[in-house]
Amino acid sequence: MTYRAPIGDMLLALNHGAGLKAAIEAGHYGNYDPEITSAVLEEAGRFASEVLAPLDRSGDQHGAKLQDGRVTTAPGWADAYKRWTAAGWNAVSGPEDFGGQGLPLAINAACTEIWSAANVAFGLCPLLTLSAIEALAAHGSDELKNIYLAKLVSGEWTGTMQLTEPQAGSDVGSLRSRAERAADGSYRISGTKIFITYGDHDMTDNIVHFVLARLPDAPAGTKGISLFLIPKFLVNADGSLGARNDIHASGIEHKLGIHASPTCTMTMGDEGGAVGFLVGEENHGMQCMFTMMNQARLGVGLEGVGIAERAYQRALAYARERRQGRAVGKSGDGMDAIIVHPDVKRMLMQMRALTAAARTICYATAVALDVASRATDPATRAAAAARGALLTPVAKAFSTDIGNKVASLGIQVHGGMGFIEETGSAQHYRDARITSIYEGTNGIQSIDLVTRKLGIDRGAAVFALLDELSETIKCVEASNDPAFGTTGTRLRDAVGSLERASRWLLERLASSPNDALAGATPYLRLFGSTLGGCKLAEEALAARDLGDEFGDARRYVTLARFFAETIAVQAPALERTVIDGADAVNGADAVLLS
């Protein structure tokens, strides 16, 4: 089966769950015409279904190859990329001064979900190019912008992010790649980077690498890291490509999933050092790199949403076709489609509800980042920036955990056929697994949420969000709609659990930080499920009010109720895990080190 973008669900999530409509009406998007949104997503969905989705399986089977120092992508890959850039998709949210369309990040976020659902290995390449654009636009010199930015925005050249080394994974401060100053103001970089997505490929004429390295006189740790732009081919004064730079793919990984995405070992310095150009200031590279990483973290969260949506669509189609057993109480001959069985319904509803919640959280993060950069009022910008920073680790970790969970459920719905590669559901499971690891493991995202984002201004951003969620619950309760069941009660319980857990963690951060760290992962799950449940309720209320615009509103009410009564209902247990589980975690040495 092919992929079909769920445009109605996406528009409801964007405009009402994520708050895009309200932000437009408040004037934060200038003269942006909201009618454009639907047209962009419709066209993106068509391109994804017709061009990208058909390459997903063949790309998985063929993979990327390294031969004679060159990486080649799967058949059809380079042509699809050229068609993709020719249609303007790489430039959707790019700066208009450099050829971009200047559309909201929120619109590009929805497109990123579509590319990821259709073909996540393909979508990885432009995801990192978008991060490169953000970093160069924010921190690059005018000279570097004039040479490279328009090419990156158009997609004519792609970008990479190079942090990881064999001894320096999550601990970036221990990297050993070296940079030496050259007389002409450039630098010569030597070293080895691993796990570099699209570090080399045959889809574009040039690749622009963003590489972390350390100068000889740099301070130790992350304070002594600088960021360098290193092109695969140097660029002549007239803009043409010049000599091959001293950066090469020396290996390519054989991976569990995303086979068509080349994951390279990159070597610099075999011929005197790669020519690089400083981005930002010396020894301030991590500040620049965080611009790339935060953008990429949202993108990876959207990968989780996309894979989940694709896995759900495949499982739903199979459940409607596969006949096995009989519905309870049914008489007559023949077997029924397995979708009639309550446990299959439960799994499918769980898949759809989790996917919808993750989608809205990611979109809400993008809207917050948009408002932080577009609003004219400084206080509004500051509040939106705090909201975007708070939600980014949740968007990345919660959504990719969901991608893994939903892909696993997809296999379960298929039964034994799900374990067989030919059905396609196994590929989603394999592809999803990396998303909770790269761009900062989900454990690191949880630590970031608890130790950095929660503690800012004594939790002001968290408690402001909880106030908004409480207002949504009041609206659910005031609707007096019996179709919501106990949604209001369950969500109110969840918000209460999240508030108490937040206050406990704030206290423990000061007095016993290991206790707070022990509860970080269940806290993020509590945060995501509470936020996701309230957002689905908000969307259900909007669908009821809008009548026929999104079809039968009852399906959104049913979805919100399912999430509240079967997923958000677990919030009190997660609260207890956060608060009561620290001693058990911190006392684990008796088991682990004995």
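This is a short tour of one protein chain, stop by stop, for use in a viewer.

**Before you start**

The model is predicted: local features need pLDDT of at least 70, side-chain atom pairs count only at pLDDT 80 or more, and totals for chains, interfaces and linings use all residues. Residues are numbered from 1 along each chain as its sequence is written, and side-chain values use heavy atoms, with hydrogens and water left out.

**Stop 1: the whole chain**

Select everything and show the cartoon. The protein chain has 19 helices and 12 strands. Here helices (H or I, at least four residues) and strands (E, at least two) are DSSP runs, numbered from the N terminus. The radius of gyration of the chain is 24 Å, close to the 25 Å that the globule rule gives for 594 residues, so the chain is as compact as a globular protein of that length. That radius is taken over C-alpha atoms, and the globule rule is 2.2 Å times the number of residues to the power 0.38. Along its principal axes, the C-alpha trace spans about 80 × 65 × 60 Å.

Now switch to the surface. The chain exposes about 23600 Å², and carbon and sulfur atoms supply 52% of it. Accessible areas come from the Shrake-Rupley method with a 1.4 Å probe; for residues, only the protein chains shown count as cover. Of the 594 residues, 56% count as buried. Buried means under 20% relative accessible area, exposed over 50%, and partly exposed in between (1.4 Å probe, protein chains only).

Contacts come next. A contact means heavy atoms within 4.5 Å. Among contacts with a separation of 6 or more, 75% join residues 24 or more positions apart.

**Stop 2: helix H1**

Select residues 7–17, which form helix H1. Is H1 mostly covered or mostly open? Mostly covered: 10 of its 11 residues are buried. Among them are Ile7, Asp9, Met10, Leu11 and His16. What do the buried residues of H1 pack against? Their partners are H2, H3 (35–62), H5 (105–139), H8, H15 and H16 (554–566). Step just past the helix to Gly19, which takes a positive phi of about 85 degrees.

**Stop 3: Ala537**

Select Ala537, in helix H15. Ala537 is buried, with a relative accessible area of 0%. Not counting residues up to four places away in sequence, Ala537 touches Thr472, Val476, Leu491 and Ala560. Ala537 and Gly17 are 520 residues apart in sequence and 8.6 Å apart in space, C-alpha to C-alpha.

**Stop 4: the second largest pocket**

On a 1 Å grid over the protein atoms alone, a cavity is a set of points where a 1.4 Å probe fits but cannot get out, and a pocket is an open set with protein on both sides within 12 Å along at least five of seven lines; lining residues have an atom within 4 Å of a point. Grid points are joined across faces, edges and corners, and a volume is the space filled by probe spheres set on the points.

The second largest pocket holds about 750 Å³ of space. Select Ala18, Ala368, Ala384, Arg387 and Glu468: of the 34 lining residues, these are the closest to the centre. H1, H2 (20–25), H8 (342–374), H9 (378–414), H12 (460–479) and H15 (520–546) each give two or more residues to the lining. Which helix gives the most? H9 does, with 8 residues. By class, the lining has 20 nonpolar, 7 polar and 7 charged residues. Ala, Val, Leu, Ile, Met, Phe, Trp, Tyr, Cys and Pro count as nonpolar, Asp, Glu, Lys and Arg as charged, and the others, Gly among them, as polar.

**Stop 5: the cavities**

The whole structure has 4 cavities of 30 Å³ or more. Select Trp84, Asn108, Thr112, Pro126 and Leu127, which lie nearest its centre among 13 lining residues. H5 supplies the largest share of this lining, 10 residues. The lining divides into 7 nonpolar, 6 polar and no charged residues.

The second largest cavity has a volume of about 80 Å³. Its lining includes Leu105, Asn108, Thr112, Gln295 and Leu302. H5 and H7 (285–321) each supply at least two residues, and the largest share, 7 residues, comes from H5.

**Stop 6: Thr265**

Finish at Thr265 in strand S11 (residues 263–268). Thr265 counts as buried, at 15% relative accessibility. Beyond residues up to four places away in sequence, Thr265 touches Thr192, Lys193, Ile194, His248, Ala249, Ser250, Gly251 and Glu253.
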